[in-house]
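User: I've got a model open and want a quick walk-through. Can we begin with pockets?

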Amino acid sequence: VGGGLPMFQNNIEVLKQIGTVIYLNVSLLTLIKRLKDEKNFRPLLKSIPDAEFHGFIEEMLSERVHLYKQAHLFMPNESSKPNNLVEKLINELVKTNKIIY
């Protein structure tokens with residue numbers, strides 16, 4: 001789901017009840033770079049000037065991270081290779097008995 005969804009109502013609890021919630025954790029700098037690359041496709045970010053972008057993302061993350069940390073599983077995601085991430089996720093889900101493979 002999008003990063004803002006857990007912020008509304010009781011969404012984080014609902015998500016945890018209906019499935020395994022995974023926090024794809026990256027450093028602030030990686031997050032800023034990725035979001036800046038996608039800025040034109042994200043309505044919330046489109047109008048943020050480049051000079052304010054870093055501070056805006058840092059503030060949003062600090063407001064949200066307490067909810068993200070309620071996930072069942074934390075997965076570092078500094079690599080931009082989706083296949084590697086999927087393989088790591090499957091291994092972790094099997095190891096924690098969240099999925100039988």
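User: How much space lies in the largest pocket?
Analyst: About 1100 Å³. This is a predicted model, where local features need pLDDT of at least 70, side-chain atom pairs count only at pLDDT 80 or more, and totals for chains, interfaces and linings use all residues. Residues are numbered from 1 along each chain as its sequence is written, and side-chain values use heavy atoms, with hydrogens and water left out.

User: What counts as a pocket?
Analyst: On a 1 Å grid over the protein atoms alone, a pocket is an open set of points where a 1.4 Å probe fits, with protein on both sides within 12 Å along at least five of seven lines. Lining residues have an atom within 4 Å of a point. The volume is the space filled by probe spheres set on the points.

User: Which residues lie nearest the centre of the largest pocket?
Analyst: Val 1, Gly 2, Gly 3, Leu 31 and Tyr 68, out of 31 lining residues.

User: Which element gives the most to that lining?
Analyst: H4, with six residues. H1, E1, H2 (28-37), H3 (43-46) and H4 each supply at least two. Helices (H or I, at least four residues) and strands (E, at least two) are DSSP runs, numbered from the N terminus.

User: And the lining by class?
Analyst: It has 20 nonpolar, seven polar and four charged residues. Gly counts as polar here, while Asp, Glu, Lys and Arg are the charged class.

User: New topic. How many aromatic pairs does a search of the whole structure find?
Analyst: Two. Tyr 23 and Tyr 68 form a tilted pair, 5.3 Å centre to centre with 45° between the planes. Rings pair if their centres lie within 6.5 Å; planes under 30 degrees apart are stacked, over 60 edge-to-face, and the rest tilted.

User: Where do Tyr 23 and Tyr 68 sit in the chain?
Analyst: Tyr 23 is in strand E1 (residues 22-25) and Tyr 68 in helix H4 (residues 50-68), 45 residues apart.

User: Buried or exposed, Tyr 23?
Analyst: Buried, at 12% relative accessible area. Tyr 68 is buried too, at 16%. Buried means under 20%, exposed over 50%, partly exposed in between, with a 1.4 Å probe and protein chains only.

User: Why is the pair of Tyr 23 and Phe 74 edge-to-face?
Analyst: Because the planes are at 70°, with ring centres 6.0 Å apart. Phe 74 lies in strand E2 (residues 73-76), so this pair ties together parts 51 residues apart in sequence. Phe 74 is partly exposed, at 42%. Ring pairs link Tyr 23, Tyr 68 and Phe 74 into a cluster.

User: Which non-glycine has a positive phi?
Analyst: Gln 9, at about 45°. Gln 9 lies in the segment before helix H1 (11-18) and is exposed, at 81%.
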